[in-house]
Amino acid sequence: MALEHGPDELRQAWEKAAGTFRLLDPTWMASRAGVRYSFPERSFLVPFFGDIYRVSYPSGEVTRPDGSQAGSREVIIIL
């Protein structure tokens, strides 16, 4: 049985994840997550299901390898 989540629940989950993400030190997060952080680009490179996503810091914006915006569920999981 699949659970469906409404837009309000997804927004609340994103706000919580993004709020915590902004408060943490990027080098600490990168070392804990085993991902690369680029100081000049202020972003992380995060592997996700065989692709590399870019996560901007501190905004928490997540982009797919083709440069398009990641979906809300992808963003929540990655953050």
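This is a predicted model: local features need pLDDT of at least 70, side-chain atom pairs count only at pLDDT 80 or more; totals for chains, interfaces and linings use all residues.
Local features need pLDDT of at least 70 and side-chain atom pairs count only at pLDDT 80 or more, while totals for chains, interfaces and linings use all residues. Residues are numbered from 1 along each chain as its sequence is written, and side-chain values use heavy atoms, with hydrogens and water left out.

**View 1. Span of helix 1 (7-23)**. Helices (H or I, at least four residues) and strands (E, at least two) are DSSP runs, numbered from the N terminus. The end C-alpha atoms of helix 1 are 24 Å apart.

View 2. Leu10, Ala17, Ala18 and Phe21 are buried (under 20% relative accessible area, with exposed over 50%; 1.4 Å probe, protein chains only). They cover an arc of only 95 degrees around the axis, so they sit on the same side of helix 1; the arc is that of the directions from the helix axis to the C-beta atoms.

**View 3. Lining of the largest pocket**. A pocket is an open set of points on a 1 Å grid over the protein atoms alone, where a 1.4 Å probe fits, with protein on both sides within 12 Å along at least five of seven lines; lining residues have an atom within 4 Å of a point. Lining residues number 16, and Phe21, Met29, Ala33, Ile78 and Leu79 lie nearest the centre. Helix 2 gives the largest share, four residues.

Methods
The expected span of a helix is 1.5 Å times one less than its number of residues.
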